[in-house]
Amino acid sequence: MTVSGFRTIDELEDALRGADYLPDRGLSTALFLALALEKPLLLEGEAGVGKTEAAKSLAQATGSRLIRLQCYEGLDVAHAVYEWNYPRQLLHIRAAQEGTVSEDELFGPEFLIRRPLLEAIDGDEPVVLLIDEIDRADEEFEAFLLEVLSDFQITIPELGTIRARRRPAVILTSNRTRELHDALKRRALFHWIGHPSIEREIEIVKIRIPGVSERLAAQAAAFVRELRGLDLAKPPGVAETIDWAMALNALGRQEIDAEVVEQTLGSVLKYREDIEAVRDETLARLVDSARTTAGA
Amino acid sequence: MADAVVRHVVTFGRVLREVGLEVGPGRVADALRALDAVDLERQEDVYFSLRQTLVCRQDELDLFDRAFNAWFLRAPVLPPLRTAPSPVAQQRVGESLADRARDDGERDDELGDPLELGASGHELLREKDFAEMTPAEYRRVKRLIAAIAENRPLRSSRRRSSDPRGDRLDMRRLIRRSLRTGGDPVERPFRARKRVARKLVVLCDVSGSMDAYARALVLFLHAAVGSGPGVEAFAFGTRLSRLTAELGTRDPESALEKCTEAVTDWGSGTRIGASLKEFNDVYGKRALSRGAVVVIVSDGWERQDPALVGREMARLARAAYAVVWVNPLKGNPEYQPLAGGMRAALPFVDRFLPGHNLRSLEELAAVLAGIERRHAA
């Protein structure tokens with residue numbers, strides 16, 4: 001019944017590496033257990049640590065289809081589960097002879113528009129269902145989701161109950177803009193993703209940017225690590241390290257210096273105050289320190 | 001699975017419960033299933049399997065680590081993280097609670113229902129400064145405070161419900177009705193966006209200079225938190241404490257008690273800028289303030305650099321829908337916002353209100369109910 005047949009965490013880890021994703025042991029354990037226990041996995045962590053990436057890579061590693069439900073305030077059943085195709089329904093009534101269309105016919109499967117949740121449970125192929133930023137959906141929707149994730153079934157009043165023939169692997173992500181309901185948390189495994197170790201981050205940069213020099217990857221990772229140690233409004237995540245290393249690489253750089261950092265700071269820091277704070281005092285010192293760490 | 005492992009995990013679950021984690025039998029069962037699936041030889045895998053099944057909150061990870069180390073690695077158990085309130089603070093809390101308890105017991109009946117007070121008495125009470133109220137008067141305004149806090153700012157939701165004055169057709173209904181008329185939509189049912197409460201974030205200064213007002217305002221906060229989802233409350237003095245959970249309890253007096261426990265610096269100096277910065281860094285980043293009406297309750301006495309207050313207010317104002325500053329000192333007609341912190345903050349404030357008595361809290365509630373972005377102060 002599982003999405004995949006990994007027997008050990010190592011096997012899954014290898015498959016994720018094959019999908020260019022380098023999880024640490026904690027995350028691979030979490031993903032492995034989500035598959036083995038068939039439980040939803042709730043991933044939390046600072047922005048940019050790779051929560052959404054984890055789900056995408058799991059889909060790739062397991063040869064599953066990724067179905068993504070991006071949550072937002074006001075997300076409702078019509079956008080998340082299903083909607084009726086009204087124009088087609090109207091045309092159908094018009095086209096039929098008067099009195100021959102019944103409600104049953106009109107609210108049948110052929111007029112149903114399937115949104116992510118229905119799509120994820122009502123299929124035969126293996127699926128990774130990513131419910132992204134669940135904290136942005138309102139509590140009403142969270143309660144609804146709880147039902148779906150408990151029973152893996154969805155009831156459409158006109159059609160009846162649709163049960164999953166095959167459970168999707170479910171990854172929920174949250175940025176903790178609000179605390180999620182305990183009931184939802186109880187049903188899920190929980191993993192907190194921290195920033196990666198410097199060695200891992202260098203590996204990630206290298207795997208994501210083909211042709212990047214070892215030295216540039218190491219210095220970029222070391223510099224970002226320095227930035228994370230500062231008191232910034234938004235410390236850069238792995239995504240920013242990759243963006244930045246990509247920019248440096250595109251400029252043909254083999255290593256960093258104060259000048260190029262100054263020019264490209266915008267791809268690693270996203271707040272004006274942060275950029276100014278770093279520019280003002282600490283830029284040269286950080287570059288020196290990063291170069292030393294990276295063994296320039 | 002070996003009996004020894006099962007016993008070990010079940011006992012560990014109990015250890016976690018003792019340190020305050022909510023570990024039910026379902027979680028322990030999950031932990032056992034997880035250990036069954038991984039290699040027990042590898043300590044790291046055992047650690048993560050237990051953590052991911054037994055813990056569901058980031059702020060509990062530290063407790064879990066301590067317990068795990070103590071239980072599985074036989075490390076000495078470290079003292080708990082939370083610092084106890086200082087003896088002075090405890091004493092103050094004890095005294096004030098004793099005052100209230102005495103007062104409640106003796107004279108409750110004579111006072112009658114605060115909502116049925118005579119008009120003149122009621123009027124006097126509305127105008128009286130919180131700092132000058134007797135405990136009895138204070139208790140009389142309590143329920144009035146609770147009643148006015150329930151006015152919440154509204155915003156349009158994306159969700160729609162059936163409404164004849166709505167702006168969108170209710171298609172499902174329209175299709176059903178069209179069946180009778182051969183596809184002609186003779187009747188046109190509509191749907192409208194629902195109005196829902198806007199997020200409300202209240203940051204309340206509980207430093208020494210605010211003591212008298214903080215008590216009344218905590219009652220206001222309590223009622224606001226109880227008015228529905230989307231209300232967050234914080235207290236600050238020298239540092240910031242999130243009080244939403246504490247205020248979630250039903251009785252405002254015990255909530256107040258819990259607040260004093262949570263804010264260990266109750267009654268000490270003020271660091272407005274640093275507290276705002278902490279709010280922006282930790283909660284603003286998590287979009288707590290985005291689109292919210294943020295109410296800051298403080299007299300604006302900053303012990304440190306006022307420039308920091310300005311910078312953090314600017315950040316806050318950018319994220320928030322509107323910022324309201326409630327300053328009890330403004331109740332005095334001669335008050336001028338000359339204190340450095342207050343002056344630095346004002347350019348970023350949409351509404352600047354007093355908050356020293358019941359009438360001014362009513363004004364606050366009215367402002368909150370109808371607030372628009374970027375009001376002139």
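Student: Which residues of α2(A) and α3(B) meet in this predicted model?

Tutor: From α2(A) come A:R25, A:G26, A:T29, A:A30, A:L33 and A:L37. They meet B:E44, B:D45, B:F48, B:S49, B:Q52 and B:T53 in α3(B). By class, this contact has 4 nonpolar, 5 polar and 3 charged residues.

Student: What makes the phi of A:E38 worth a look?

Tutor: Phi of A:E38 is near 50°, a positive value in a residue other than glycine. Most residues other than glycine have a negative phi. A:E38 lies in the loop between α2 (25-37) and β1 (41-45) of chain A.

Student: Why does A:E38 count as partly exposed?

Tutor: Its relative accessibility is 28%. Buried means under 20%, exposed over 50%. A:E38 sits in between, so it is partly exposed.

Student: Where is A:E133, and what is its phi?

Tutor: A:E133 is in the loop between β5 (127-132) and α8 (139-151) of chain A. Its phi is near 55°, again a positive value in a residue other than glycine.

Student: How do you know whether A:C71 and B:C204 are buried or exposed?

Tutor: Compare each with the 20% cut-off. A:C71 has 2% relative accessibility, so it counts as buried. B:C204 has 1%, so it counts as buried too.

Student: How many disulfides are there over all chains?

Tutor: A search of the whole structure finds 0.

Methods:
Residues numbered from 1 in each chain as written. Chains lettered and ligands numbered in written order. Predicted model: local features only at pLDDT ≥ 70, side-chain atom pairs only at ≥ 80, totals over all residues. Heavy atoms only, no water. Disulfide = S-S within 2.5 Å. Buried < 20%, exposed > 50% of the residue type's maximum accessible area, 1.4 Å probe, protein only. Helix = DSSP H or I, 4+ residues; strand = E, 2+ residues; numbered from the N terminus. Contact = heavy atoms within 4.5 Å. Nonpolar A, V, L, I, M, F, W, Y, C, P; charged D, E, K, R; others polar.
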